[in-house]
Amino acid sequence: MARSTSKDAQALFQSLRSAYTATPTTLKIIDLYVIYAVFTALIQVAYMAIVGSFPFNSFLSGVLSCIGTAVLAVCLRIQVNKENKEFKDLAPERAFADFVLCNLVLHLVIINFLG
Amino acid sequence: MSKSLVVFTLITLLPFLCYAFSPENPTDRKVLVLLDDFAIKSSHSLFFKSLQSRGFHFDFKLADDPKIALQRYGRYFYDALILFAPTIERFGGSVDSAAILDFVDSGHDLILAADSNASELIREIATECGVDFDEDPAAVVIDHTSYTVSETEGDHTLIASDDLIKSDVIVGSQKIEAPVLFQGIGHTLNPANTLVLKALSASPSAYSANPKSKLSSPPQLTGSAISLVSVIQARNSARILISGSLSLFSNRFFKSGVQKAGSPTKYDKSGNEQFSVELSKWVFHERGHLKAVNVKHHKVGETDEPAMYRINDELEYLVEIYEWSGKAWEPYVADDVQVQFYMMSPYVLKTLSTNNKGLYHTAFKVPDVYGVFQFKVEYQKLGYTTLSLSKQIPVRPFRHNEYERFIPTAYPYYGSAFSMMAGFFIFTIVHLYNK
């Protein structure tokens, strides 16, 4: 077995990037959305580590709203992906409607728990 | 109509109800004095006179008078009893040791003086009060170092003792300079009884034995374990004085000079008068009887007493404490009265500050614990009656709308939640219109 070098790693990333370029724009937008949500959650965890956990319910709702958003977006991405044969019978419109409904419920809960 | 009649009757009866003995207002008190013979009335007249001048009414009776009675139909005729009958074997009338103990149990005071050859009855009453006289009937307290110097050498049974209880409230704030003369029997305190105190102790060299016979075996009672005069304050505030010597209260001892053996100072007058008068003031509640009134508590800045507090409330607690001085209720001044905020254990223990006019006050914060609390004042001080107050008060947690809103620390969390909503809105638009 050949020893892995930095060239191999570069090659790996290269192939990953070229493969990802082929991904439809819709999915790319969802990915961006997920990254945004996860990043916001990380910022809040870091903030909590600095100022302490005092309004703990606010912290929980802030972080959980981000995580919930990310999870729902990932679910949407799975369902609208054309290559995903499991959901080929499910219309993307139906998937999007589910996503919107779940988000409404999530944010309703978050607002109630925030203050 | 009938209701107002009842109220009217009650109001007219009120003065008569108040006339009954009450430690809350002990004036015009009647004292029964039981004597062996009426000679004691004149030989101890100084002691009686001092009490009479302080407003006590005496009823002198022979102890075997068949007409003596302490009570009828549960009403006591007397507020206090002086038993100057050391040799009586059986009281006359319906009085016996149980009746005397019932008298004390119902809150009345007792002065009991025994003497050498005290009777079984007197010993029995004393034992019930937690005081055990020497069992040998012929034994008296002998002290070969603290006796009184007299012309004849004597048998050293006339003791000059100055080992008084260190309590201003029991023996008075004025120091008793001269030693107290004592001639009589010694007793020990029952160690199981925590209420009985030595008012006058024997010196470490004293012992209890028959002075007329040779000492063949070591005496039973020795040293400062011997108490000469003891006082008891029962839990119901009844006070008892037990003396092993009747002559301690006699005019002869009151007036006689005293010089303690080995001491150059000679006093013209013994400390007996001051000692017995001050002690009788304590026994008859003219000193050291406390009452607490007007217990109040409220939130800081308010005057009404709430039915309930919330956790972390700031509150004030006030109580007025007075001491009976024999004539009126005087403000009680002390710096050691404490209040507890109590639920199973004290969560807050605060010393109350006084304004020297009887009002005690403190302020504290309700702990961050909810439940049913009590304000408790448990004041137990040597010589004073026990104050035991408790007042129940529930403490509730914050209501849901009493919590802080919009805490500055939490603004980033609020921001992130709303940015998620905004993100969702934008994402929806982008997702729908990106084809």
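1. Let's start with Gln259(B). In this predicted model, the side chain of Gln259(B) reaches the backbone oxygen of Ser263(B) at 3.1 Å. If you're looking for the spot, go to the loop of chain B that runs between α7 (251-255) and α8 (272-283).

2. What else is Gln259(B) in contact with, leaving aside its neighbours within four places in sequence? There are Tyr147(B), Thr148(B) and Val149(B), and then Pro264(B), Thr265(B) and Lys266(B).

3. Move along to Lys260(B), in the loop between α7 and α8 of chain B. Lys260(B) forms a salt bridge with Asp162(B), and the closest N and O atoms are 3.2 Å apart. Asp162(B) is found in the loop between β9 (159-161) and β10 (163-164) of chain B. That puts the two partners 98 residues apart, so the pair links distant parts of the chain. As background, side chains of opposite charge can pair when their charged atoms come close. Over all chains, the structure holds 16 salt bridges.

4. How many salt bridges are there between chain B and chain A? The count is zero. Polar contacts do turn up there: four residue pairs between chain B and chain A, both residues being at pLDDT 80 or more. By class, the side of chain B that touches chain A has 13 nonpolar, seven polar and one charged residues.

5. Now for the extent of that interface. The size of an interface is often given as the accessible area lost when the parts come together. Here, chain B and chain A bury about 2400 Å² between them, with 78% of it on carbon and sulfur atoms. Chain B puts 21 residues into the contact, and chain A puts in 31 residues.

6. One helix pair in chain B is worth a look too. Two packed helices are described by the angle between their axes and the distance between the axes. For α4 (residues 97-105) and α5 (residues 120-128) of chain B, the axes come within 10 Å and cross at roughly 35°. Is the crossing of α4(B) and α5(B) left-handed or right-handed? This crossing is right-handed.

7. Which residues meet where α4(B) and α5(B) touch? From α4(B) come Ser97(B), Ile100(B) and Leu101(B), and these meet Leu121(B), Glu124(B), Ile125(B) and Glu128(B) in α5(B). Sorted by class, the contact of α4(B) with α5(B) has four nonpolar, one polar and two charged residues.

Notes. Residues are numbered from 1 along each chain as its sequence is written. Chains are lettered from A and ligands numbered from 1 in the order in which they are written. This is a predicted model: local features need pLDDT of at least 70, side-chain atom pairs count only at pLDDT 80 or more; totals for chains, interfaces and linings use all residues. Side-chain values use heavy atoms; hydrogens and water are left out. Axes are lines fitted to C-alpha atoms, for helices over the stretch in contact, and angles run from 0 to 180 degrees between N-to-C directions. Helices (H or I, at least four residues) and strands (E, at least two) are DSSP runs, numbered from the N terminus. A crossing is left-handed if the near helix is turned anticlockwise from the far one by less than a right angle, and right-handed if clockwise. Contact means heavy atoms within 4.5 Å. Ala, Val, Leu, Ile, Met, Phe, Trp, Tyr, Cys and Pro count as nonpolar, Asp, Glu, Lys and Arg as charged, and the others, Gly among them, as polar. A polar contact is a pair of N or O atoms within 3.5 Å; within protein, one must be able to donate a hydrogen and the other to accept it, and residues adjacent in sequence count only if both atoms are side-chain atoms. Buried area is the accessible area (1.4 Å probe) that two parts lose on being put together, summed over both. A salt bridge is a side-chain nitrogen of Lys or Arg within 4 Å of a carboxyl oxygen of Asp or Glu.
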